[in-house]
Amino acid sequence: MPVNFAPSATDYLRFLPEIIMIVVGTLIMVLEPLLGSNKRSAFSSLTLLGFIAALVAAVAANNDPGASFSNMLIVDGFATFFRVLVIGVGILTVLSSSQYLRREHADAAEYYALLLFSVSGQCVMATANELIMIFIGLEISSIATYILAGYLRDDKRNNEAALKYFLLGSFATAFLLYGIAWIYGTAGSTNLEDIRHFLIAGSGSGRSLVLAGTAAALMFVGFAFKVSAAPFQIWAPDVYQGAPAPVTLFMSAGPKAAAFAVFIRVFTTAFGSIETRWEPFVWSSALLTMVIGNFAALTQTNIKRMLAYSSIAHAGYVMVAVAAHSQIGVAAAMFYLAAYAFMNIGAFAVVTHFSRQGEKFVNIEDLSGLGWKQPGTAALFSIFLLSLVGIPLTGGFFGKFYIFKAALDANLRWLSILGLLNSAVAAYYYLRVIVVMYMQEPTDSTVTLEPLSPGIRTTLYAAALGTLILGIFPSLLLNFATRSSVLVK
Amino acid sequence: MTLLDAVIFLPLVAFFFILLIPKDNLDSIRRFSLVASTAVFLASLGLIAPYWFANPGKFVFETDLPWINSPAIRYHVAIDGISLWLVLLTTLLTPLCVLVSWRSVQKRVKEFFAFLLLLEFGLIGVFCALDFFLFYVFWEVSLVPMYFLIGIWGHERRIYAAVKFFLYTFAASMLMLVAIIYIYNQAGTFDYSRILAGLQNGSIAPTYQEQLLLFLAFFIAFAVKVPIFPLHTWLPDAHVEAPTAGSVMLASVMLKMGTYGLLRFCVPMFPAAARNCSGWIVALAIIGIIYGALVAMVQPNMKKLVAYSSVSHLGFVVLGIFSFTQQGFDGAVYQMLNHGVSTGALFLIVGFLYDRRHSLEISAYGGVATPAPAIATVFMITMLASMGLPMLNGFVSEFLVLQGTALVDFRWAVFAALGSILAACYMLWLYQRVFFGKASAEVSGLKDLLPREYVISIPLIILMVWMGTFPQSFIPSISTSTAVILGPVDAKRDVHVRNALPVKPAAPGASLAKEIADAR
């Protein structure tokens, strides 16, 4: 196979979003010592500009889809979908962070640079077409996120979160890397298409099947950790609770979506032919994830921890779509991750706004009477919560509906029934927040609440709009998701 | 765009309008809600027109527009003789609920009326939707405002009641969602008419076991809402803790969502499963009738008493539906309307009493007839209607249900009739304890009906008498529509005369509509 090592202009164009984000991120690092401390606010604007430029580049790249850099990256509908999604998450994170950082006296440039690096890593994950690129993307994204989780370095909980996340995360990445090594040893390639062809051609030979199965199992451990699927979800509540609120907002949406993107791409492309072998594992992991997430969330008093368990439960719903292993399953997972990003970012943005300096107010009870003190905020929060419950006319409902439609299509009847009953359990803990907001009288924590900052206000409006549009006119996104869900041509 | 679309969406538009009114402007909020809900009611009267002049027996005011292209979800609404009256019941009771909350709701007034109108939107939608997805959307959307109405404006244990109400219904409707998706995956459409036609002509052919499971999934979702014993435990809590308007809408309209669902979806779509399950469902219905009445008898709380009487009355509806006879179906639909009118009125009057005395305990009253003779009269008529006294509405429907049941198995009718007797006991005893006797110091100062309360009561009283003496204004249109549903499941097809007692056999093919027309 002749390999041309000189990249063409098309290669760079297809890689432009990542390039923009890395350049802006580096620029910010360089500019920080040069600019005075009174110009700090310029960084968030610069980051926003960088993200918007990357967004435009990502959309533009989709006009000319195809592989780049000798088939190491691929720009297709699926990649574009996740690129746009994670960049969008980046934009909303920046909007909800600036006030928080000023409040905590930590308005430093590296926060924004790390955010840009992390999102660029996620974009690499979304476009990666072979295992080494996946690993590199995952590491760029993870290492930046580890640092962000411990961003307020004088805070004990931040340190605990970062350390836990880092130790467990590296361990999981090691599993992934080991899996990559196994499959390379078996198939002689790290390219997903090549692995697929090898497995289809060599399906008769038992030994290569065992080796590939082991590789798939090892990689499953790595991915399941990153998407916080059971039984590898233990880290999530501690890290989500300990990390700064806007970072939790980011972690629960962006890295998770990107991890699902590679998970889906690897398992449907490379391991698509041994589907019957891995499907039972995904099936049981999905069920276990939903059950653990929902039942553990029932007893939480800290809202960040509650949302962390809820985020585990929602990963379980997406795993159901993965278990369906069909085109509509992939489309359902894509749609759900987008809807989930909107509603979850909205919910965490309210938490960011409400927690105040030092994250004093993060208990559910603290929200007492918010519905009467700040009706607008509470109404938007209710929309996000109802969407998380899965009430019709919200994106959360349609996403769930579509996931379970895919599951029933694939004859996963029991998983569907148990999954939907799970979401009835979930209704309880989301409703509890609404109860506290509307059915209890305001306390000190709500009375002293300052008005919404412009950034958080924008985030909330954008998230609510997204949640409702995905719920009322899902076709707008669903058609694109369905078209892009053909991963195997 | 038909009149029906206007009736469905006007409350939603009004809901958004109320959100725009400043929250301190209490009087404009109240007036606007009244005007909007009355306008919806007047508009909905126009829906009767096709049934007044002719009797189409099929869906009218049909709108069928694509909403989501893949999966094929359509905005498909229409009404027939069954849904017509349920829509009218909803639109009639909403302005009355606005009126009854005029002074009794003092906190968060804006939100209260906004939720009331949103509730109306959901309820009307449920009765008109002919697309399963749309139906499910309305079904769940109506849940949210009711949850807030109970949870924010209710009595002491309101939060417990609201959450229990929400979780019961939500968990059960998850099973319905699975069933709806399952049917879609087999039929490729959510459209009720096409699915029904497909099931009947065999182009969609689930195995019997699948049919049974689908039937049960729908049945459980509806049974919780009705509620059928033993799934009724949320109901007394929700009714007692809800504010007056909430109790009225819950009892009069929301419970009918369940029985409407049974009649519209469960029975015609899975006739074989429905027939085979009818034995134990009828048993549960009869248990509900008698159990509801017995428990109502010992309640110390007026709202709880009325709530348990609802369990009993709704048992008649389920009994009528699962008798699979024309009379049973007609009686069931008519009983839904009668229960809506008379139990709605009971809750309203209990609300009047609560506004005055701030207690729901029966023991706090006694001798109310002395200071408030008009309340006593209104309550008397309503109570008699609820008991099923001839010339008032409850009698007609209970009679039809018992007749339809007796055609199938006379023993069922005997047990069910016991419920009617018990109803007389608990109602008369309630009346005696509240209105008769010597008025205590607190009671003797009670004011009689206010003009606003006259406006609320009189239309309902007129309806009770009208529906009791002149059922032919309503039943023919109901009958033609129920006959369509009955066709494939008619009990007469395989009923052998098992009764030793001489029961007048129904003339084959003769629907009650014809009998009434002949009698005219």
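This is a predicted model: local features need pLDDT of at least 70, side-chain atom pairs count only at pLDDT 80 or more; totals for chains, interfaces and linings use all residues.
**View 1. The contact between chain A and chain B.** The contact between the two chains takes 25 residues from chain A and 24 residues from chain B. On the side of chain A that touches chain B, the elements that give two or more residues are helix 17 (395-409), helix 18 (413-439) and helix 21 (475-484) of chain A. Helix 18 of chain A provides the largest share of that side, namely 12 residues. Sorted by class, the residues of the side of chain A that touches chain B are 18 nonpolar, 5 polar and 2 charged.

**View 2. Helix 21 of chain A and its buried side.** The buried residues of this helix are A:L477, A:L478, A:A481, A:T482 and A:S484. Because these residues cover an arc of only 170° around the axis, they lie on the same side of helix 21 of chain A. The general rule to recall here is that an α-helix has 3.6 residues a turn, so residues three or four places apart point the same way. On the face of helix 21 of chain A that is turned away from the buried side, the exposed residues are A:L476 and A:R483.

**View 3. Helix 21 of chain B, residues 475-486.** This helix of chain B is mostly covered, since 10 of its 12 residues are buried. The buried residues of helix 21 of chain B are B:I475, B:P476, B:S477, B:I478, B:S479, B:S481, B:T482, B:A483, B:I485 and B:L486.

**View 4. Helix 12 and helix 14 of chain B.** Helix 12 (residues 244-269) and helix 14 (residues 302-321) of chain B pack at an angle of about 15°, and their axes are 11 Å apart. At that angle, which is under 35 degrees, helix 12 of chain B is roughly parallel to helix 14 of chain B. The crossing of helix 12 of chain B and helix 14 of chain B is right-handed. Helix 12 of chain B brings B:S247, B:A251, B:L255, B:T259, B:L262, B:L263 and B:V267 to the contact, while helix 14 of chain B brings B:K303, B:S310, B:L314, B:V317, B:V318 and B:I321. In this contact of helix 12 with helix 14 of chain B, 9 residues are nonpolar, 3 are polar and 1 is charged.

**View 5. Helix 3 and helix 5 of chain A.** The axes of helix 3 (residues 41-61) and helix 5 (residues 109-127) of chain A come within 9 Å and cross at roughly 10°. That angle makes helix 3 of chain A roughly parallel to helix 5 of chain A. From helix 3 of chain A the contact includes A:F43, A:S44, A:T47 and A:G50, and from helix 5 of chain A it includes A:A109, A:Y112, A:L115 and A:L116. The contact of helix 3 with helix 5 of chain A has 5 nonpolar and 3 polar residues, with no charged residues.

**View 6. Two cis peptide bonds, one in chain A and one in chain B.** In chain A, a cis peptide bond joins A:A230 and A:P231, with omega about 0°, and A:P231 belongs to the loop between helix 9 (206-226) and helix 10 (235-242) of chain A. In chain B, the peptide bond from B:F229 to B:P230 is cis, with omega near 5°, and B:P230 belongs to the loop between helix 10 (208-225) and helix 11 (234-241) of chain B.

**View 7. Positive phi at B:F61 and at B:M391.** B:F61, a residue other than glycine, has a positive phi near 55° and is found in strand 1 (residues 60-68) of chain B. B:F61 counts as buried because it has 21 C-beta neighbours inside 10 Å. B:M391, also a residue other than glycine, has a positive phi near 80° and is found in the loop between helix 16 (373-387) and helix 17 (393-408) of chain B. With 12 other C-beta atoms within 10 Å, B:M391 is exposed.

**View 8. The residue A:I132 in helix 6 of chain A.** A:I132 is found in helix 6 (residues 131-149) of chain A, and with 14 other C-beta atoms within 10 Å it is partly exposed. The C-alpha atoms of A:I132 and A:E450, which are 318 residues apart along the chain, are separated by 48 Å.

Conventions
Residues are numbered from 1 along each chain as its sequence is written. Chains are lettered from A and ligands numbered from 1 in the order in which they are written. Axes are lines fitted to C-alpha atoms, for helices over the stretch in contact, and angles run from 0 to 180 degrees between N-to-C directions. Helices (H or I, at least four residues) and strands (E, at least two) are DSSP runs, numbered from the N terminus. Angles under 35 degrees count as roughly parallel, over 145 as roughly antiparallel, 65 to 115 as roughly perpendicular and the rest as oblique. A crossing is left-handed if the near helix is turned anticlockwise from the far one by less than a right angle, and right-handed if clockwise. Two residues are in contact if their C-beta atoms, placed from the backbone, lie within 7 Å. Ala, Val, Leu, Ile, Met, Phe, Trp, Tyr, Cys and Pro count as nonpolar, Asp, Glu, Lys and Arg as charged, and the others, Gly among them, as polar. A residue is buried if 20 or more other C-beta atoms lie within 10 Å of its own, exposed if 12 or fewer, and partly exposed in between; C-beta atoms are placed from the backbone. The arc is that of the directions from the helix axis to the C-beta atoms.
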